[in-house]
Amino acid sequence: MTRATIRLAALVLALIVAWAASLMVGAVRVAPGQVMASAFGGGSDLPTSIQKVLWEIRAPRAALAVVVGAGLGCAGAAFQGLFRNPLADPFVIGASSGAALGATIAIAFGWSMTWGYLDATAAAALAGALGVVAVVYAIASVGRETPTIALLLAGIAVSSFVGAVVSLIMFVQNQQLAAIFGWLMGSLSARGWHAFWGTSPWIVVSCAALWLLARPLDCLAFGEETAASLGFHLNHVRGAVVLGASLATAAAVAAGGIIGFVGLIAPHAARFLMGTSRHAVVIPASGLTGGLLLVLADDVVRSFLPQGELPVGVVTALLGGPFFLYLMRMRPRQLERRA
C-alpha cells in the first residue's frame, strides 16, 4: 500500500468521523451514546424528536456538506491545474455569477416548479451556472481553439455583467431582497435528503470525470507545448476539464448557494497533506478535504450563535480571505526562487 493510499484512507476516516460528530452539533443537544444507539438499531428508547433531528435534519445536511465541499474541492484542483494558477477557484469562469442570476430570478418571481429532486431555486441556479459557463466558453473560442487566457478574460467580463444584472433585479424586486441575499451568502440550512439526492449524482460523475483527466492535467503543468507534444489535443482537454469542473461547481452552488474559498483552500491543503502535485492523487484528496472543510465550517455556524445561525459562506470567507492573501504574498517569492 502506497503512502498516498494510506493518506487518502486517513482523509476518508477523518471525513466519516467529522460527519458523525456533526450529528451532535446544533441547538438540540444529542449525546454521542444517543447517536451510536440510533445508528446501530438500539435507539428504540430515544424520543421521536431526537430521531427526527438526527436523520431528517442533521444527517442529510452533513451529507450535503460533504458532497458540496467535494465538488468545489475537485473543481478547484482541476481549474488550478488547467490555468496553472494557484489562485484559481471553481468560480473563475462565471459559474457563481450564473447560479446567482438563476437563483435570483427564481426567488424574485416566485417560481415554484420542481425538477426531479431540485426545487425551483436550485434548478434555476444549476441552469444559470451552466448557461453562463457555456456563454463564456463560446466567447473565448477562436475558430476551433479556446485559449486559456481568453477563458479567464471572458469569465471576468461576463461575470461582471451578470453580477450587474443580479444587482438590478435585487434593486427592482426589493421585497425579496432578504431571501435573495441569504441565498447569495451560502447556506446548508433547511436542506433535506431531496437536496442531497438532487445534486450528489451530478457531483460524483463530474469528480470522477476530472479524476480521469489527471494525466493531461499533469502534462499541462509543464506547459501547453509539452502537453501537445505528448499527443494531447489541448482544446479537447480544456473543454472536458471546463465541462466537468463547471458541472460539479454548478451542482454544488445549486445545493448550497455561493460558498466561497472552499475550492481555493482544499487543493492547496490536499497537496500539502499528500506531499505530491500529481492530479491522480490531488483531485480525490481535494474532494475529501473540501468535504471535511465544509462539514467543519457548517458545524461552526450551527454552534456559534445560541439563536439562529450564520450563513456558512461567511465562515468560509473569513477563513479563505486571509488564505488568499497569503497565497498572493507567497507566489512572488516562489517565482523569485525559481528564477
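Colleague: The bend at a residue is the angle between two axes, one fitted to the seven residues ending there and one to the seven starting there. With that in mind, where does H3 bend?

Modeller: At Arg-58, by about 35°. A proline, Pro-60, follows within four residues. Keep in mind that this is a predicted model.

Colleague: How many residues does H3 have, and how far does it reach?

Modeller: H3 covers residues 48-83, which makes 36 residues. From its first C-alpha to its last it reaches 51 Å.

Colleague: Why call H3 largely enclosed?

Modeller: Because 29 of its 36 residues are buried. The rest of the structure largely encloses H3.

Colleague: Is Arg-84 buried, exposed or in between?

Modeller: Arg-84 is partly exposed, at a relative accessible area of 41%.

Colleague: What about Phe-261, what is its phi?

Modeller: Positive, about 75°, and Phe-261 is not a glycine either. Phe-261 is in the loop between helix H11 (234-256) and helix H12 (262-274). With a relative accessible area of 26%, it is partly exposed.

Colleague: Switching to rings. How many aromatic pairs does the structure hold?

Modeller: Three. One of them joins Phe-79 and Phe-83. That pair is stacked, with 5.8 Å centre to centre and 15° between the planes.

Colleague: Where do Phe-79 and Phe-83 lie?

Modeller: Both are in helix H3, four residues apart, which is about one turn of the helix. An α-helix has 3.6 residues a turn, so residues three or four places apart point the same way.

Colleague: Are Phe-79 and Phe-83 buried or exposed?

Modeller: Phe-79 is buried, with a relative accessible area of 0%. Phe-83 counts as buried too, at 8%.

Colleague: And why is the Phe-196 and Trp-197 pair edge-to-face?

Modeller: Because the planes of the two rings stand at 75°, and planes over 60 degrees apart count as edge-to-face. The ring centres of Phe-196 and Trp-197 are 4.9 Å apart.

Colleague: Let's move to helix H8. What span should its 20 residues have?

Modeller: 28 Å at 1.5 Å a residue. The end C-alpha atoms of H8 (residues 193-212) are 28 Å apart, which agrees.

Colleague: Where does H8 bend?

Modeller: At Ser-200, by about 35°. A proline, Pro-201, follows within four residues.

Colleague: Which residues of H8 are buried?

Modeller: Among them are Ala-195, Phe-196, Gly-198, Ser-200, Ile-203 and Cys-207. The buried residues of H8 pack against H3, helix H9 (214-220), H11 and helix H13 (279-304).

Colleague: Cys-74 and Cys-207, buried or exposed?

Modeller: Cys-74 is buried, with a relative accessible area of 5%. Cys-207 is buried as well, at 13%.

Colleague: Last topic, Arg-29. Where does it lie?

Modeller: In the loop between helix H1 (3-22) and helix H2 (32-39). Arg-29 is exposed, with a relative accessible area of 76%.

Colleague: What does Arg-29 touch?

Modeller: Gln-34 and Ile-50, leaving out residues up to four places away in sequence.

Colleague: And how far is Arg-29 from Phe-79?

Modeller: Their C-alpha atoms are separated by 40 Å. Along the chain, Arg-29 and Phe-79 are 50 residues apart.

Methods:
Residues are numbered from 1 along each chain as its sequence is written. This is a predicted model: local features need pLDDT of at least 70, side-chain atom pairs count only at pLDDT 80 or more; totals for chains, interfaces and linings use all residues. Side-chain values use heavy atoms; hydrogens and water are left out. Helices (H or I, at least four residues) and strands (E, at least two) are DSSP runs, numbered from the N terminus. The expected span of a helix is 1.5 Å times one less than its number of residues. Buried means under 20% relative accessible area, exposed over 50%, partly exposed in between (1.4 Å probe, protein chains only). Contact means heavy atoms within 4.5 Å. Rings of Phe, Tyr and Trp (its six-membered ring) pair if their centres lie within 6.5 Å; planes under 30 degrees apart count as stacked, over 60 as edge-to-face and the rest as tilted.
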